[in-house]
2 protein chains.
Amino acid sequence: MHRVKDKLSTADRFAIFKEHLRRQRLKSTAQRDDIARAFFANNSHSSVEEIYTAVKHINPGIGYATVYRTMKLLKECGLAVERHFRDGEARYESGVNREHHDHLICEGCGKIVEFEEARIEALQDEIARRLGFHLNSHKMELYGYCRDCHRARAAG
Amino acid sequence: MHRVKDKLSTADRFAIFKEHLRRQRLKSTAQRDDIARAFFANNSHSSVEEIYTAVKHINPGIGYATVYRTMKLLKECGLAVERHFRDGEARYESGVNREHHDHLICEGCGKIVEFEEARIEALQDEIARRLGFHLNSHKMELYGYCRDCHRARAAG
DNA sequence: CGCTAATTGAGAATGAGTTTCAAAATCCCC
DNA sequence: GGGGATTTTGAAACTCATTCTCAATTAGCG
């Protein structure tokens, strides 16, 4: 298990995005660029609201709908992966050149930590096979308190 | 890994429910009884809509809000556990005397299969410990095609 | 039985996300 | 570089699941 990291520069991501637009005969617009830029710049697991707020600083005219529409495009070309944790709103993480990973979520401060564990994946495959399933994907989330929040609760 | 099963009769469940109402100084009503009965009778993983429809047959006057309110009570006393799979609507399973288990979901027909796997739980604990977390709960869902749906797709 | 607090159903409200539509922008051919 | 068809945009309306509000009804203690 090692630190998951991205291998593409922002420029590379932009190129992938533009290429996707071209292929789909869609147009390149300032709004789309601004939203993509904000998403690429943001730390991972940002919500639509967070991205919307960030883009507003650059381009105050932008609307919520355009952010949703653009995130959909970024998903289509693999640059964004949508996740749904407990709070109900979608969160997006960078999606290219990433190892498969799962999440550990702090119920105190909301921090999200990623991890990989090949032994769990192997067991999942084994279980699916035993029950006659052909696996497409999976979702695993661990919920608890991070060290700091645990300590704070013990003290408080 | 063995078949997960419930150990309480419907009468036992009713007793637990009534006891919960008494403790909270809440009232026993025909609507609450009908909804609880429908939930206990139903196969697991039913949605609010399914429960609502089932209760309507017995008691056509019932409202959606009352079903939601009663499911909340059933959760509070541990008789129901709420799950959120990919389709977005809450599903409820029977919650007393059950081993912890996870789910395997068919993306073809929607079938939900439960399983237990102690080795995965052990690995989850190990990972959490390594990353400094104190685990409260977890969620693991495997998505794929069941044998029948896989065959149908290969054929079709 | 009578009273007070809890409960109900209907419909309004919510919140995340999507759709609609008229106005504005892009890009492709000349 | 300038049409002009086609896409895109923002605002507002709409979904869909769920929750809230409120006036009318009901449970259950005394």
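A:Y145 stands opposite B:H134 in strand 6 of chain B. This pair belongs to a predicted model in which strand 6 (residues 134-145) of chain A and strand 6 of chain B pair in the antiparallel sense over 11 bridges. Chain B is superposed on chain A by a rotation of 180° with 0.0 Å of shift along the axis, at an RMSD of 0.0 Å. That is the relation of a two-fold axis.

**Contact between the chains**

- In chain B, 29 residues are in contact with 29 residues of chain A.
- On the side of chain B that touches chain A, two or more residues each come from strand 5 (112-115), helix 5 (118-130), strand 6 (134-145) and helix 6 (147-155) of chain B.
- Strand 6 of chain B gives the largest share of that side, with 12 residues.
- By class, the side of chain B that touches chain A holds 15 nonpolar, 8 polar and 6 charged residues.

**Symmetry**

- The rotation that brings chain B onto chain A is 180°, and the shift along its axis is 0.0 Å.
- In chain B, the C-alpha nearest the axis belongs to B:M140, at 2.2 Å from it.
- Both copies use the same surface, as 100% of the contact residues of chain B recur in chain A.

**Surface near DNA strand C**

- The residues of the surface near DNA strand C comprise 9 nonpolar, 8 polar and 5 charged.

**Surface near DNA strand D**

- The surface near DNA strand D divides by class into 9 nonpolar, 8 polar and 5 charged residues.

**Fold of chain A**

- Chain A has 6 helices and 6 strands.
- Read from the N terminus, the order of elements in chain A is α-α-β-α-α-β-β-β-β-α-β-α.
- Along the principal axes, the C-alpha atoms of chain A fill a box of roughly 50 × 45 × 25 Å.
- Of the 156 residues in chain A, 23% are buried.
- Taking contacts in chain A between residues at least 6 apart in sequence, 55% join residues at least 24 apart.

**Residue B:A41**

- B:A41 lies in helix 2 of chain B.
- B:A41 counts as exposed because 11 other C-beta atoms lie within 10 Å, and the cut-off for exposed is 12 or fewer.
- In sequence B:A41 and B:T10 are 31 residues apart, while in space they are 8.1 Å apart, C-alpha to C-alpha.

Definitions and conventions: Residues are numbered from 1 along each chain as its sequence is written. Chains are lettered from A and ligands numbered from 1 in the order in which they are written. This is a predicted model: local features need pLDDT of at least 70, side-chain atom pairs count only at pLDDT 80 or more; totals for chains, interfaces and linings use all residues. Ala, Val, Leu, Ile, Met, Phe, Trp, Tyr, Cys and Pro count as nonpolar, Asp, Glu, Lys and Arg as charged, and the others, Gly among them, as polar. Copies are superposed by least squares on the C-alpha atoms of residues with pLDDT of at least 70 in both. Two residues are in contact if their C-beta atoms, placed from the backbone, lie within 7 Å. Helices (H or I, at least four residues) and strands (E, at least two) are DSSP runs, numbered from the N terminus. Two strands pair if DSSP finds at least two bridges between them. A residue is buried if 20 or more other C-beta atoms lie within 10 Å of its own, exposed if 12 or fewer, and partly exposed in between; C-beta atoms are placed from the backbone.
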